[in-house]
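Dear colleague,

I am passing on the structure we talked about, and my notes follow below it. Please read them with the model open beside you.

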Amino acid sequence: MHTILVTGGAGFIGSNFIKHYRAKHPTSRILNVDALTYAGNLKNIQEFETDPLYVFRKVDIRDRPAIDELFTLFKVDEVVHFAAESHVDRSILEPELFLSTNVLGTQVLLDVAMRHWKLNPDDKYSREYRAGVCFVHVSTDEVYGSLGETGYFTEDSPIAPNSPYSASKASSDLLVRSYHETYGFPVKTTRCSNNYGPYQFPEKLIPLMVHHCMTEKLLPVYGDGGHIRDWLHVQDHCEAIDLVREKGRFGEVYNIGGNNELTNLELVRTILQVFQQSEDQIQFVTDRPGHDRRYAIDASKMREELGWAPRYQFEQGIEETIEWYRTHSEWVEDVVSGAYRDYYEKMYASL
Ligand code: NAD
């Protein structure tokens, strides 16, 4: 039986990926490994509880014996690695946790997979990997740092992270690269721009603003609101990852982006318009230290090599996303109040 290990599958992108992957690959077994930090929510993937080819394990990726045991038990063929501490603001307060999870956690996964996939350094000369094994490392455009007013990040742009979060992701990218160069480890790295869509933890910009509109609170905007991000719907990201998994070349990096640049202020105004609320609700707050001014992705490698293109128009995607949060107010309130954490205890206490 083919088994794919998805790490961080109770988070925002991981849970959307599991839904996408199951729809596309009905006969694969999905092993979802997630430590259920504050950002992991089993309600995101509740529908899989009755799926006989889906297994959830609450395990920390830094727990080497536990990860090793899972590889033995489930004979993992592929890994798609999402699990990470992902919020820049938290990384400024707690950098050590980000290094520990994002760098050392990734190293544990690489080492355990190496051993189980019986890879050795000689593979690097032949580049012929054992059929079927593959490790997709999901990273971010933030590793490239900040752009000026023009230009785009390509896969060859220098790595220049500016926050502890992006530095930890960049470090994990380099570690993954070194495993490919040194051991012939079969890895593919993706670097994507900002995602939006359903199931995103409401500390991140779009669900935060939507939640504040829903509850008629002020909308905090960093600095002058002129920071530019390139927004991509999470479904487009998941399709891109699945394509890289299937057809991408080992040892390569693939940039994924929506070609859809907006300042934070433009984005917040768009959300206010959908809610038909006044711009007086915007409150400018002290800027984040080290705040990158502009990100923009050149995704031509994805387009030309793998035939990928985003399907969502931003106007349609953002309206659907806002509608999702509006019609899932219980999910939002559960997350905001912390009540979603009780769910694991009820459902999985015996594990
Ligand atoms: P998220 O914070 O919503 O989810 C992260 C998940 O990882 C959570 O379910 C959490 O419980 C789990 N996790 C954290 N530490 C763990 C550990 N030690 N062991 C096991 N599980 C652990 O994050 P997200 O937005 O879904 O991002 C997923 C990945 O995609 C991250 O690697 C992130 O760097 C990358 N990424 C995110 C974006 C974005 O816009 N959100 C863009 C590009 C890349």
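**A covered helix, a strand trio and the ligand shell**

In α7, the buried residues are Leu-205, Ile-206, Pro-207, Met-209, Val-210, His-212 and Cys-213. Please bear in mind, here and below, that this is a predicted model.

Helix α7, which spans residues 205-214, is mostly covered, with 7 of its 10 residues buried. The cover over those buried residues includes β7 (195-196) and β8 (219-222), together with the helices α9 (264-274) and α11 (314-327). Just after α7 ends, Glu-216 adopts a positive phi of about 50°.

Turning to the strands, β1 (residues 3-7) pairs with β4 (residues 78-81) in the parallel sense over 4 bridges, and within this pairing Val-6 stands opposite Val-80 of β4. Strand β4 also pairs with β5, again in the parallel sense and over 4 bridges, where His-81 stands opposite His-137 in β5.

Which residues are closest to the ligand? Of the 30 residues that surround the ligand, the closest are Gly-8, Gly-11, Ala-35, Gly-40 and Ala-84. At least two residues of this shell are supplied by each of α1 (12-24), α4 (95-116) and β5 (134-140), and the largest share, 3 residues, comes from α1. Sorted by class, the shell around the ligand holds 13 nonpolar, 12 polar and 5 charged residues.

With best regards

Terms used
Residues numbered from 1 in each chain as written. Predicted model: local features only at pLDDT ≥ 70, side-chain atom pairs only at ≥ 80, totals over all residues. Near = placed C-beta within 6 Å. Nonpolar A, V, L, I, M, F, W, Y, C, P; charged D, E, K, R; others polar. Buried ≥ 20, exposed ≤ 12 C-beta atoms within 10 Å, placed from the backbone. Contact = placed C-beta atoms within 7 Å. Pairing = 2+ DSSP bridges.
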